[in-house]
Number of protein chains: 2
Amino acid sequence: MTTTSKGEKTRDHILKTTRKILVAQGFHNTSISAVIEATGVKKGNLYYHFASKEDLGLAVLEDAKDEFFSFLTKALVGHDPLAKIINSCKAIFAEQEKNNFVGGCLFGNTALEMTDSNEKFSGVIQEVFTRWTGLLEEHLDEARTASLLPTATQPRLLAKTVVATLEGAIMMSRVSKDKNDLNDFLAAITSLLGR
Amino acid sequence: MTTTSKGEKTRDHILKTTRKILVAQGFHNTSISAVIEATGVKKGNLYYHFASKEDLGLAVLEDAKDEFFSFLTKALVGHDPLAKIINSCKAIFAEQEKNNFVGGCLFGNTALEMTDSNEKFSGVIQEVFTRWTGLLEEHLDEARTASLLPTATQPRLLAKTVVATLEGAIMMSRVSKDKNDLNDFLAAITSLLGR
């Protein structure tokens, strides 16, 4: 059991609440006063935990990154490496559906909003994409070694395609708000993996 | 030859200038006064052409949509339908590189910023994705009929995968600012099409 101090609890409360606001309206449209109002935390206390709005944004991304990889690791389950990847995609799409196709992917959203203007933000997002692709690549390598994929398969390229398709799929289904779109994309990824 | 009136020229000047601003900073962060400053058009004249900021945003999307499909139609060239698709992807990536990976895709950006809050915007973006996917599907159908693809190929799913991969690829390469990323994605799409 981890003991959590009051300060840590407050910090986590600020991070999770701010994440919801950022997912809904992006970084530029989120004011510190909106965070204060939504969290109920006093201004001085907020600045005690985060020196600036940029610091807070970065900490939200870092926190969401940790949560995403713990989610992904749990979702990568199945009887073989390809089933693991497909199940992880299913789990990601299920989240999107659970959120009624609203909000989408914090990393994707922030990538489009912030990477041209803020290197610190793009650093964290780059880390998410690289680590995610790397995890899938390991599974695809394993699948190829186990002859579940043709020898000519390039695990690195295929892993990047799966991640790009997922990000594109989340974007496109946010526009259509149509569950059938996600089913199509899942079928497409399944077929990409030769299943 | 089309004759263009002074009013049409002004309208087009406003549309093209506003598009650059929207690509760079999104809809919410773009103020009417920024548009007035960048275009040099008087406020009354701007409102003569566009009744509101929303109207202007929608007109920019419609104008960009027309330009994109004329670009895409020209880029879909090659000795067979698969070569045509691959060349269109190359042309899209070349644009991304030409822009130094800055800005990305106006439709993708606006999708992530606006679709949860504005149905008119998401309507135009949905049209772009549907028409783009439809065009690729026609080419893939043709390729399957010409036995350039396995009979089991599902043109609709494959077309959606190509569009999603492109949108994801533009997003991911905006983060990495790395030309090798685009080469990887082009190789991935080429391999998706069995080439």
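Modeller: Gladly! Axes here are lines fitted to C-alpha atoms, for helices over the stretch in contact, and angles run from 0 to 180 degrees between N-to-C directions. Please keep in mind that this is a predicted model.

Colleague: How are α1(A) and α4(A) oriented to each other, roughly parallel or roughly perpendicular?

Modeller: Helix α1 (residues 6-25) and helix α4 (residues 53-75), both of chain A, pack with their axes 9 Å apart and at an angle of about 95 degrees. Angles of 65 to 115 degrees count as roughly perpendicular. The orientation of α1(A) and α4(A) is therefore roughly perpendicular.

Colleague: Which residues of α4(A) make the contact with α1(A)?

Modeller: From α1(A) come A:Leu15, A:Thr18, A:Arg19 and A:Leu22. By class, this contact has six nonpolar, two polar and two charged residues. The α4(A) residues are A:Leu56, A:Gly57, A:Ala59, A:Val60, A:Asp63 and A:Ala64.

Colleague: Is helix α6 of chain A largely enclosed or largely open, and what covers its buried residues?

Modeller: Nine of the nine residues of α6(A), 106-114, are buried, so this helix is largely enclosed by the rest of the structure. Among them are A:Phe107, A:Asn109 and A:Glu113. The cover includes α1, α4, α7 and α8 of chain A, together with α6 and α8 of chain B.

Colleague: Which element gives the largest share of the side of chain B that touches chain A?

Modeller: The contact takes 37 residues from chain B and 37 from chain A. On chain B, the elements giving two or more residues are α6, α7, α8 and α9. The largest share, 14 residues, comes from α8(B).

Key:
Residues numbered from 1 in each chain as written. Chains lettered and ligands numbered in written order. Predicted model: local features only at pLDDT ≥ 70, side-chain atom pairs only at ≥ 80, totals over all residues. Helix = DSSP H or I, 4+ residues; strand = E, 2+ residues; numbered from the N terminus. Parallel < 35°, antiparallel > 145°, perpendicular 65-115°, else oblique. Contact = placed C-beta atoms within 7 Å. Nonpolar A, V, L, I, M, F, W, Y, C, P; charged D, E, K, R; others polar. Buried ≥ 20, exposed ≤ 12 C-beta atoms within 10 Å, placed from the backbone.
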